[in-house]
Amino acid sequence: MVASVLKIKGISKSFGVHKVLHDIDLEIAKGEVHALIGENGAGKSTLMKIIGGIHRPDTGSIEVDGESVAFSNPQAAMAKGISLVHQELSLVPNLSIAQNVFSQREPTNWLGFVKWDELHKRTRELMERLGVDIDPATMVAELSVGIRQLVEIAKALSMDAKILVLDEPTSALSEKEVETLYRIVDDLKAAGVSIIFISHKLPEVFRISDRISVLRDGRMIGTVKAEDTDTDEIIHMMVGRSIEEMYPPRASSVGETVLSVEGLSRGDELSDLSFELKKGEILGFAGLVGSGRTETARAIFGADPVDAGTITLHGRTVKFKSALDAINHGVCYLTEDRKDLGLFLTKNVRTNIVSSSLKKFASQLGLLQHSGIEDTAKYYVQHVKLRPADDKPLVMNLSGGNQQKALLAKWLCADPQVLIVDEPTRGVDVGAKTEIHSHLRQLANSGVGVIVISSELPEILGLCDRVAVFNEGRITAVLDGEGTTQEDVMKYATM
Amino acid sequence: MRSLGTVLKKLTKKGNIGLIASVALLTVVMSLAYPNFLTLFNIEITAMGFIQEALMALGMTLVIISGGIDLSVAAVLPFTAIIVGLLLKTSLGVWPSIAIALGVAVLIGFINALMINKLRVFPFIATLATATMLRGVALVITEGATISGFPTAFYEIGHGRVYGIPVPVIIFLVLAVLFALLLKNHSYFQQVYFVGGNAKAAQLSGIKVNRLRYVIYGISAFMAGLAGIITASQYVSASTGFGLNSDMRVITSVIIGGASLSGGKGSIGGTIWGVIFLAIISNAFVQSGAPTYWQDVVYGGMLLAAVFLEEYLRARGRKAKMKSWREFLTSG
C-alpha cells in the first residue's frame, strides 16, 4: 500500500444543535483519485471545508504526510498543499487569467509592484501543462465555464497542491470539456497529486476514481475500491436501501390532446416545431444543450416571443403575453435554474410554495388569507416529502434536492393543466430523484400533461411515455419511451 | 503587422473609447462654436472649477471598484474645511492645522469602514448616515456662520502657481499618476478588484477584506478632506455650504468612466475622462449662457446613458458568448 498523504480520524462537526458529521475517518493515498459521494446533505461539502481550512472540526485529527495539522484558515491548508476547487467558482471576472491564478501571490519587486512579464510567463506555463494555449492576459469574463474551471485548477497547481479537491467539477461542463478534465485528472495523478473527487454522477465516478468513499447522514459508510464494486452496491450504500424500481410504471392510458404546438419558429433557434401533448402522459424532450428544448418551453410559456407558430390548449388557440398569462391558463414551467429564476432563496418555504398562486388565497378585496396559505403550504410540504417537514425554514438553507422539491410544490400548488419541468433532478441525490419522478407520474395520472426536459437519457427513457428528440432547433423524431435505447436517441439528437 | 481591425478591437475592449470619442467630439464642437473654449484661460477656469470633484473621484474610484459607495464625501469636504478654518484661528500654524484636519477626515473614513465591517451596514446607508450627521455637526459648530480670515501661507495653496500651473492642479496630477500606478500595478491595490469582483472568494483566498476596507474608505475620506482644504483656501473662508451635490457629480464621473456599481470594474484613467467629460459639459453651459439650472438635468441624463450603454454592451457580449458556446458544442 502506498503511503497516505492525508489521514483523517474521528472528525465530528456540529452547526448549532445540528450535528452534520459523526466521527469520520478517511485516508487518501498519494497519487490516487478518491471519489467522495453521498446524497445532498450527507456532509461531503462540510468535510471538504474542514480539510480545506474553511471550517474547524469540533473533534478529531487531521494528518498531512504524517504530520498533525490544525488549519485556522484556507491559507494554512494551502501551505500544506491542500487546494479546494469550489463548486461555485471563485474567480474575478474582470481580471485576467494571470491575475486570478496568482491572486495574492503575484511576483513583485521590492516596492510591491507586479512583475507582469514573469507573471504572464508562469501562468502560460501552467495553462500549457493543462493543455490549453491561451493568452494569460485574457479576461476571465471572456472564458467559457470549462476554461474557467481549468483556471481554478491552474491556481491550485501554482500553489504546488499535493491534494486537490474537485467539488462537482463536471456539473457545468460540455462532454468535450469533461473529457479534457478526465485527461488532466489522469495526468495529475501520474504526477503524484492526490485528487478528492466529489460527484453525483456514478458513471463518471467509476470512470476516473481508484477508490470510492460513501457518506450518508454525516457518517462514513465505507470505502471501497472502484474495481471491486458496482453501481448497485454504491447506490445501496448511499441510500441505505436498494432501489429496485428506479422509475414508476408508465401511463396505462392517455386521454385527449391537451396541448398542441404547430410550426413554432424563431430565428435560427427554433424552426418549424410541431408536437402534441396528451392528457395523462409524460412527454420527454431529449437533445443536446442548445438544441432548442428550453427555448421551446419558454416560447410556449410566453417568456420569449416567437416569429411563427400556433399553440392550442384544449382545442383553443392561445398566445400567452406573459408568464402570468400562461399560469392563469394552467400552463406552468419549472425552470432549470432554480436558484436564480425559480425560487426566492431568502424567503421561507411557505412563501415560495404559494408565490405563484397568491390569487387563490385572496379575498374579494385582494387581501391575503393567511390561514389558507398556511394549511396549503403544510399540505404540500407533506405531499412532496420535504425534509425537514416544515414550511418555515428559508429556502436558501435547504439542500439541493429539497429546493427542487419546494419548486415542484410551488407549481403543484398552482393547479397546472400542463406542467413543463426543465432538468427537474439536476444536482439532486438518488433518493430525492426517485421521489420527484413518482410525483411527476402521479401528476400525469391525475390528468395533467407533463413535459420533462432532461439531459440525462436514462431519466428520459425511464420516465417518459414518449420522447421528442431535438436537434438544432428541430424535432427529428418522436419515439416511444418503452423499448427505445439511448443509442437511438443519440442518433436522432446528433444526426 | 497588426491589422487596423485588431487594433480597433483592442481599443474598444479598453471600454473608454466611446467616452474618449465623446470628449474629442465635444471639444471640436465647442472650439468651433466658441473660439475662446480652447484658450489656456478657459481651460484653467474649467479645471479649477472641477478640481474638488476630480480629487474626490480618485478616491471614489477605489470605493466603487471594491463594490461599495461613499456618499459622505460631500459632507467630509465642508467639515474638513471648517476644521482647518477653526484650527487656523489658533496659534497652531498652517501645516499642523492641515495635518490635523486631514487626520480628522481619515478618521471619518475609518468610521465608515467600521460601520460596514462590524455592524454589517450597507455602504450606502453607512455613508449616508455619516454625511447627514457631519452636516449637522458642522452647523452646530459654526452656527451657520462662515469662517474667514486665514494666514497668507494658507491662501497660497489654492492660489499659488508652480511654473505657471495652479498648485491644486499639480496636486491632482501627482495623485492621479500615483493612484493609476498603484491600482494598475501594485499587488496590494489589486486586491480592491478581487473584493469588488467576488468578496467571498477574496476572503477565502486570504485577502484581509475588512482591513482593506479601512484603507479604501480612509483614502476616499482623505481625498474629500484634501478637496475641503483646497476649497477653503480658494474661497479664503470655510462654510457649511461647500461641496453641495458634489457627491453625485463624483459618482457620475466614476460611473461614466466605466466603473460598475456592482464592483470589480473601473480604472483611474476612465474616471479622469469621466471628470473631463462633465467639466466640458459644465463649461458648455457657461460659454453658451444657457441657464445653469439645466446642468444637473444633463448630468443625470449622462449617468443614465452611461449605465444604459454598459448594460447594452454586456447583453451583446453575453449573446456573442452564447453563440460561440453553441458553435463549440456542435463542432465537437
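How are H5(A) and H6(A) oriented to each other, roughly parallel or roughly antiparallel? They pack at an angle of about 15° and are therefore roughly parallel to each other (angles under 35 degrees). This is a predicted model, where local features need pLDDT of at least 70, side-chain atom pairs need 80 or more, and totals for chains, interfaces and linings use all residues. Residues are numbered from 1 along each chain, and side-chain values use heavy atoms, without hydrogens and water.

**Helix pair**

The axes of H5(A) and H6(A) are 10 Å apart. Axes are lines fitted to C-alpha atoms over the stretch in contact, and angles run from 0 to 180 degrees between N-to-C directions. The helices are DSSP runs (H or I, at least four residues). The crossing is right-handed, meaning that the near helix is turned clockwise from the far one by less than a right angle.

| Helix | Residues in the contact (heavy atoms within 4.5 Å) |
|---|---|
| H5(A), residues 145–158 | Gly146(A), Ile147(A), Leu150(A), Ile153(A), Leu157(A) |
| H6(A), residues 175–190 | Glu177(A), Leu181(A), Ile184(A), Leu188(A) |

By class, this contact has seven nonpolar, one polar and one charged residues. Here Leu and Ile count as nonpolar, Glu as charged and Gly as polar.

**Chain interface**

In chain B, 29 residues are in contact with 37 residues of chain A. The two chains bury about 2500 Å² between them, 58% of it on carbon and sulfur atoms. That is accessible area (1.4 Å probe) lost on being put together, summed over both. Zero salt bridges are counted between chain B and chain A.

Technical notes:
Chains are lettered from A and ligands numbered from 1 in the order in which they are written. Helices (H or I, at least four residues) and strands (E, at least two) are DSSP runs, numbered from the N terminus. Angles under 35 degrees count as roughly parallel, over 145 as roughly antiparallel, 65 to 115 as roughly perpendicular and the rest as oblique. A salt bridge is a side-chain nitrogen of Lys or Arg within 4 Å of a carboxyl oxygen of Asp or Glu.
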